[in-house]
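The sequence and structure come first.

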Amino acid sequence: MLTTCNFYILSNARENGRFLFCCSLIEKLYAHHHKIYVYCQQPHDAAQFNELLWTFKDESFIPHALVGECSIDDCPIQIGIEPPSPEFHDVLILLTATPKVPDFYQQFARIVEIVDTDPNTKEMLRDHYQFYRSQQVDIKTHQV
């Protein structure tokens, strides 16, 4: 499978900016019928994002759940801290920056990395960028 990685570079630092941007992006992806796995490093990040996705817009409904709460058919957006099941292969969003690219990235057609203004995050994601290049992943960057 040919994988594409989209780096979204956030131009300002606002509280929960990474999470809020991710909510908006998921809303757009869901409108195009994508199935999305949102990977978090910590359980509290997964729980916080799960709650935010329910409340970020009054007029928006995005069927989602923490992994294990419902099937991919009922909840096409799932949030987890563990490697996704093989049935996920469409979009992977790495919500929280990880020291290295998770091994399971190859099962997805599209990866999303969100670059905020935190210097530690930027450094980790520079390493991710170099890794993806070395693996001949198609890379696109977007200023937002």
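The text below covers the disulfide, the other cysteines and the aromatic pairs.

The model is predicted: local features need pLDDT of at least 70, side-chain atom pairs count only at pLDDT 80 or more, and totals for chains, interfaces and linings use all residues. Residues are numbered from 1 along each chain as its sequence is written, and side-chain values use heavy atoms, with hydrogens and water left out.

One disulfide (a pair of cysteine sulfur atoms within 2.5 Å) is found in a search of the whole structure. Cys70 and Cys75 are its partners, with an S to S distance of 1.9 Å. Accessibility is classed as buried (under 20% relative accessible area), exposed (over 50%) or partly exposed (in between), with a 1.4 Å probe and protein chains only.

| Cysteine | Relative accessibility | Class |
|---|---|---|
| Cys70 | 22% | partly exposed |
| Cys75 | 10% | buried |
| Cys5 | 0% | buried |
| Cys40 | 0% | buried |

For Cys5, the closest cysteine sulfur is that of Cys22 at 13 Å, too far for a bond.

Tyr39 belongs to strand β2 (residues 36-39) and Phe104 to the loop between β5 (91-94) and β6 (110-115), so the pair ties together parts 65 residues apart in sequence. Strands are DSSP runs (E, at least two residues), numbered from the N terminus. Tyr39 is buried at 13%, and Phe104 is buried at 12%. One aromatic cluster is formed by Phe7, Tyr105, Tyr129, Phe131 and Tyr132.

Conventions:
Helix = DSSP H or I, 4+ residues; strand = E, 2+ residues; numbered from the N terminus. Phe/Tyr/Trp six-rings, centres within 6.5 Å; stacked < 30°, edge-to-face > 60°.
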